[in-house]
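Take a short walk through this protein. Keep the sequence beside the picture and find each part as it comes up.

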Amino acid sequence: MSQYGLLIDYEYCTGCHSCEVSCKNEKKLAHGVYGIKLAEIGPFEITPGNWEWNYIPSPTKLCDLCADRIEKGEKPACVLHCLGLAMDYGPVEELAKKMAAKGKKMVMFVP
(Lines give C-alpha, C1' and ligand atoms only; values in the text may rest on other atoms or scores of the structure.)
Protein backbone atom coordinates (compact mmCIF):
# COMPACT_ATOMS: atom_id res chain seq x y z
CA MET A 1 0.00 0.00 0.00
CA SER A 2 1.22 3.49 -0.84
CA GLN A 3 2.00 6.04 1.80
CA TYR A 4 -0.45 8.94 1.76
CA GLY A 5 0.07 12.61 2.48
CA LEU A 6 -1.36 16.10 2.40
CA LEU A 7 -0.29 18.65 -0.22
CA ILE A 8 -0.79 22.36 0.46
CA ASP A 9 -0.42 24.89 -2.36
CA TYR A 10 0.39 28.17 -0.63
CA GLU A 11 -0.07 30.11 -3.86
CA TYR A 12 -3.82 29.42 -3.74
CA CYS A 13 -4.35 29.40 0.02
CA THR A 14 -6.49 32.41 0.89
CA GLY A 15 -5.82 32.25 4.63
CA CYS A 16 -9.53 31.79 5.35
CA HIS A 17 -8.95 29.43 8.32
CA SER A 18 -11.60 26.93 7.09
CA CYS A 19 -9.07 24.07 7.36
CA GLU A 20 -8.32 25.06 10.94
CA VAL A 21 -12.01 25.32 11.89
CA SER A 22 -13.05 22.11 10.12
CA CYS A 23 -10.25 20.18 11.84
CA LYS A 24 -11.17 21.53 15.28
CA ASN A 25 -14.82 20.60 14.69
CA GLU A 26 -14.03 17.16 13.24
CA LYS A 27 -11.65 16.23 16.06
CA LYS A 28 -13.58 18.12 18.78
CA LEU A 29 -10.38 19.84 19.84
CA ALA A 30 -10.31 22.15 22.85
CA HIS A 31 -9.75 25.89 22.67
CA GLY A 32 -6.10 26.56 21.78
CA VAL A 33 -5.48 23.01 20.50
CA TYR A 34 -5.04 22.46 16.76
CA GLY A 35 -4.58 19.66 14.25
CA ILE A 36 -3.72 22.26 11.61
CA LYS A 37 -2.84 25.83 12.51
CA LEU A 38 -2.45 28.91 10.38
CA ALA A 39 0.73 30.83 11.15
CA GLU A 40 0.44 34.59 10.63
CA ILE A 41 3.32 36.05 8.64
CA GLY A 42 3.36 39.83 8.56
CA PRO A 43 2.23 42.43 8.00
CA PHE A 44 5.46 43.82 6.67
CA GLU A 45 6.11 46.53 4.12
CA ILE A 46 7.90 45.28 1.01
CA THR A 47 8.16 48.70 -0.65
CA PRO A 48 6.53 51.97 0.39
CA GLY A 49 2.78 51.37 0.38
CA ASN A 50 3.14 47.71 -0.69
CA TRP A 51 2.39 45.36 2.19
CA GLU A 52 2.45 41.59 2.55
CA TRP A 53 0.43 39.62 5.08
CA ASN A 54 0.01 35.87 4.83
CA TYR A 55 -1.51 33.00 6.76
CA ILE A 56 0.30 29.70 6.25
CA PRO A 57 -1.47 26.43 7.20
CA SER A 58 0.77 23.93 8.98
CA PRO A 59 -0.33 20.52 10.25
CA THR A 60 0.60 19.90 13.90
CA LYS A 61 1.69 16.70 15.63
CA LEU A 62 -2.03 16.03 16.30
CA CYS A 63 -2.77 15.66 12.58
CA ASP A 64 -3.46 12.05 11.60
CA LEU A 65 -4.91 13.07 8.21
CA CYS A 66 -8.37 12.25 9.62
CA ALA A 67 -7.63 8.53 9.69
CA ASP A 68 -11.24 7.78 10.68
CA ARG A 69 -12.56 9.68 7.63
CA ILE A 70 -10.00 8.03 5.31
CA GLU A 71 -11.10 4.60 6.56
CA LYS A 72 -14.62 5.44 5.33
CA GLY A 73 -13.31 6.58 1.93
CA GLU A 74 -13.71 10.28 2.71
CA LYS A 75 -11.21 13.13 2.38
CA PRO A 76 -9.58 14.72 5.43
CA ALA A 77 -11.75 17.51 6.84
CA CYS A 78 -9.24 20.21 5.91
CA VAL A 79 -9.15 19.10 2.26
CA LEU A 80 -12.93 18.80 2.07
CA HIS A 81 -13.53 22.29 3.45
CA CYS A 82 -10.66 24.19 1.77
CA LEU A 83 -12.37 27.13 0.07
CA GLY A 84 -9.37 27.93 -2.13
CA LEU A 85 -8.97 24.29 -3.26
CA ALA A 86 -5.36 24.63 -2.11
CA MET A 87 -5.19 21.25 -0.36
CA ASP A 88 -5.02 17.77 -1.80
CA TYR A 89 -4.75 14.30 -0.25
CA GLY A 90 -3.43 11.18 -1.94
CA PRO A 91 -0.51 8.84 -2.51
CA VAL A 92 2.83 10.55 -1.89
CA GLU A 93 4.06 9.56 -5.36
CA GLU A 94 1.16 11.41 -7.04
CA LEU A 95 1.53 14.44 -4.78
CA ALA A 96 5.28 14.58 -5.51
CA LYS A 97 4.51 14.68 -9.25
CA LYS A 98 2.11 17.58 -8.70
CA MET A 99 4.78 19.40 -6.69
CA ALA A 100 7.39 18.84 -9.40
CA ALA A 101 5.04 20.15 -12.08
CA LYS A 102 4.12 23.21 -10.04
CA GLY A 103 7.55 23.99 -8.68
CA LYS A 104 6.90 26.56 -5.95
CA LYS A 105 4.93 27.47 -2.88
CA MET A 106 3.91 23.90 -2.11
CA VAL A 107 4.59 21.67 0.87
CA MET A 108 3.81 18.02 1.51
CA PHE A 109 2.94 16.61 4.93
CA VAL A 110 3.29 12.89 5.61
CA PRO A 111 2.55 11.83 9.20
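Helices and strands here are DSSP runs, numbered from the N terminus; a helix is a run of H or I with at least four residues, and a strand is a run of E with at least two. This is a predicted model: local features need pLDDT of at least 70, side-chain atom pairs count only at pLDDT 80 or more, and totals for chains, interfaces and linings use all residues. Residues are numbered from 1 along each chain as its sequence is written, and side-chain values use heavy atoms, with hydrogens and water left out.

Begin with helix α1, residues 18–27. Glutamate 20 lies in this helix. Is glutamate 20 buried or exposed? Buried means under 20% relative accessible area, exposed means over 50%, and partly exposed is in between (1.4 Å probe, protein chains only). Glutamate 20 has 8% relative accessibility, so it counts as buried. What does glutamate 20 touch? Contact means heavy atoms within 4.5 Å. Leaving out residues up to four places away in sequence, glutamate 20 touches Tyr34, Ile36, Lys37 and Leu38. Its side chain also reaches the backbone nitrogen of leucine 38, at 2.7 Å.

Now move to strand β1, residues 4–9. This strand is mostly covered, with five of its six residues buried. Which strand pairs with β1? Two strands pair if DSSP finds at least two bridges between them. β1 pairs with strand β4 (residues 87–91) in the antiparallel sense, over five bridges. Take isoleucine 8 as one example: its bridge partner in β4 is methionine 87.

Next come the charged side chains. A salt bridge is a side-chain nitrogen of Lys or Arg within 4 Å of a carboxyl oxygen of Asp or Glu. By this rule the count comes to eight. One of them joins lysine 102 to aspartate 9, with the closest N and O atoms 3.3 Å apart. Lysine 102 lies in helix α4 (residues 92–102) and aspartate 9 in strand β1, so this pair ties together parts that are 93 residues apart in sequence. Aspartate 9 counts as buried, at 8% relative accessibility. Lysine 102 counts as partly exposed, at 28%.

Lysine 102 has another partner. Its side chain meets that of glutamate 11 in a salt bridge (2.5 Å, N to O). Glutamate 11 sits in the loop between β1 and α1, while lysine 102 is in helix α4, so the pair ties together parts 91 residues apart in sequence. Glutamate 11 is partly exposed, with a relative accessible area of 36%.

Return to helix α1 for one more pair. The side chains of aspartate 64 and lysine 27 meet in a salt bridge (3.1 Å, N to O). Aspartate 64 lies in the loop between β3 (50–59) and α2 (67–71), and lysine 27 lies in helix α1, so the pair ties together parts that are 37 residues apart in sequence. Aspartate 64 counts as partly exposed, at 35% relative accessibility. Lysine 27 also counts as partly exposed, at 27%.

Methods:
A polar contact is a pair of N or O atoms within 3.5 Å; within protein, one must be able to donate a hydrogen and the other to accept it, and residues adjacent in sequence count only if both atoms are side-chain atoms.
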